[in-house]
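Please read this report with the structure open beside it. The headings can be taken in order.

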Amino acid sequence: MGVVMNVTMDVDMDVDIDATKCGGMMSVDPNLLAPIYQFLQCKTPEQWVEKARQPENLPVLLRDHLLCELKAAQSAMFLIRKYAVDPKSADTLLAWFRPYEDFAYKKMGDIHSLKGKNQVTKQITARANSPYSQDLIDKMVLLIKEELHHFYQVLEIMDIRGISYDSISASRYAKSLFQHITNHEPYTLVDKLIIGAYIEARSCERFAKLAPHLDEDLGKFYISLLRSEARHYQDYLTLAQSISKEDISQRVSYFGQIEAELIQSLDNDFKFHSGIPAQ
Ligand SMILES: [Fe+2]
Ligand SMILES: [Fe+2]
């Protein structure tokens with residue numbers, strides 16, 4: 001098949017801001033969030049917002065957010081390496097991520113050395129024997145590019161605010177969701193895509209919920225992320241349904257229940273995707 005996608009093309013880096021300032025409050029286009037609210041089985045509890053808006057919790061929130069952006073990009077990269085791309089492209093993808101992973105996990109490099117690293121000059125080529133390669137590649141490569149851009153944006157915000165990057169443990173959220181994945185294909189892939197949709201949708205919902213409680217710059221930044229995260233959620237869901245031969249709505253509501261339980265139950269570990277703060 002040898003279908004090729006050149007990833008050096010310009011992408012919409014979600015610089016368009018949905019926020020409009022009215023009376024000191026930021027408002028969000030309701031059409032953007034309506035499908036997200038419909039998809040998620042619960043809204044973020046006020047107790048989480050109360051904790052997240054406290055200035056002393058901002059460093060942990062931003063450090064976790066930073067890593068969540070990298071993990072979002074990595075998940076998409078692992079998916080297309082496993083299911084869609086040829087061996088050469090698999091190496092290209094690893095090389096694309098290396099400076100980010102070196103920074104995040106080995107403390108190598110800094111905001112200056114990461115500048116301009118978000119580009120792939122080689123082509124990402126679909127594997128010949130995969131029935132859904134091209135659509136997966138098209139959507140995931142765009143998503144990776146955007147998530148790595150978000151990663152850099154969060155790093156810039158931390159840098160301006162003098163918040164150091166310290167490694168931070170992962171919350172229970174994603175690993176608890178992934179524990180429920182079916183272990184045979186194509187259901188495994190479909191489950192992973194549905195989980196991807198939930199993580200993106202919840203992130204989008206939390207950005208919108210938190211934005212009005214943050215200072216203006218951070219609030220605007222969070223609102224600016226909504227459009228791409230909403231599209232990521234849609235892309236994951238569309239891919240899941242296109243790959244599954246069966247209707248996925250039961251599987252979607254199964255993961256929706258688990259997700260809502262994680263959001264609504266007590267959680268000792270305050271993070272971007274944590275449950276109700278235990279204290
Ligand atoms: Fe993102
Ligand atoms: Fe995203």
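## Basis of the model

This is a predicted model, in which local features need pLDDT of at least 70 and side-chain atom pairs count only at pLDDT 80 or more, while totals for chains, interfaces and linings use all residues. Residues are numbered from 1 along each chain as its sequence is written, chains are lettered from A and ligands numbered from 1 in the order in which they are written, and side-chain values use heavy atoms, with hydrogens and water left out.

## The iron ion (ligand 1)

Four residues coordinate the iron ion (ligand 1): E69 (OE), E147 (OE), H150 (ND1) and E229 (OE), at 2.0 to 2.2 Å. Donors here are N, O and S atoms within 2.8 Å of the metal (3.2 Å for Na, K and Ca); water is not among the atoms, so sites may look incomplete. Along the chain, the donors of this ion have the spacing E-x77-E-x2-H-x78-E.

The angles among the 4 donor atoms run from 88 to 136°, and the site of the iron ion (ligand 1) is irregular. Four donors count as tetrahedral if all angles lie between 85 and 135 degrees; four count as square planar and six as octahedral if opposite donors are over 155 degrees apart and all others between 65 and 115; anything else is irregular. For comparison, ideal angles at a metal are 109.5 degrees for four tetrahedral donors, and 90 or 180 degrees for six octahedral ones.

Helices (H or I, at least four residues) and strands (E, at least two) are DSSP runs, numbered from the N terminus.

Which residue coordinates both iron ions, ligand 1 and ligand 2? E147 does, and the two ions are 3.6 Å apart. E147 in helix α6 and E229 in helix α9 (residues 216–243) link distant parts of the chain, 82 residues apart. E147 counts as buried at 1% relative accessibility, as does E200 at 5%, and E229 is buried with a relative accessible area of 2%. Buried means under 20% relative accessible area, exposed over 50%, and partly exposed in between (1.4 Å probe, protein chains only).

## The nonpolar core

The largest nonpolar core has 92 residues, and those with the most contacts inside it are I80, I144 and Y222. Such a core is a set of buried Ala, Val, Leu, Ile, Met, Phe, Trp, Tyr and Cys residues joined through side-chain atoms within 4.5 Å.

Leaving aside residues up to four places away in sequence, I144 touches A73, A76, M77, I80, L93, W96 and F97. Contact means heavy atoms within 4.5 Å.

## Aromatic rings

The whole structure holds 13 aromatic pairs. Rings of Phe, Tyr and Trp (its six-membered ring) pair if their centres lie within 6.5 Å; planes under 30 degrees apart count as stacked, over 60 as edge-to-face and the rest as tilted. One of the pairs is F39 with Y233, which is tilted, at 4.8 Å centre to centre and 40° between the planes. F39 is in helix α1 (residues 30–39) and Y233 in helix α9, so the pair ties together parts that are 194 residues apart in sequence. F39 is buried at a relative accessible area of 9%, and Y233 is buried at 5%.

The ring centres of W96 and F97 are 6.1 Å apart and their planes are at 65°, so this pair is edge-to-face. W96 is buried with a relative accessible area of 4%, and F97 counts as buried at 0%. W48, F207, F221, Y222, F270 and F272 form one aromatic cluster.

## Two single residues

S274 sits in the loop between β5 (266–267) and β6 (276–277), and counts as buried at 1% relative accessibility. The side chains of S274 and W48 are joined by a polar contact of 3.2 Å. A polar contact is a pair of N or O atoms within 3.5 Å; within protein, one must be able to donate a hydrogen and the other to accept it, and residues adjacent in sequence count only if both atoms are side-chain atoms. Not counting residues up to four places away in sequence, S274 touches W48, R206, L262, I263, D267 and D269.

L94 lies in helix α4 (residues 87–106) and is partly exposed, with a relative accessible area of 28%. With residues up to four places away in sequence not counted, L94 touches M77 and R81. L94 and R81 are 13 residues apart in sequence and 9.1 Å apart in space, C-alpha to C-alpha.
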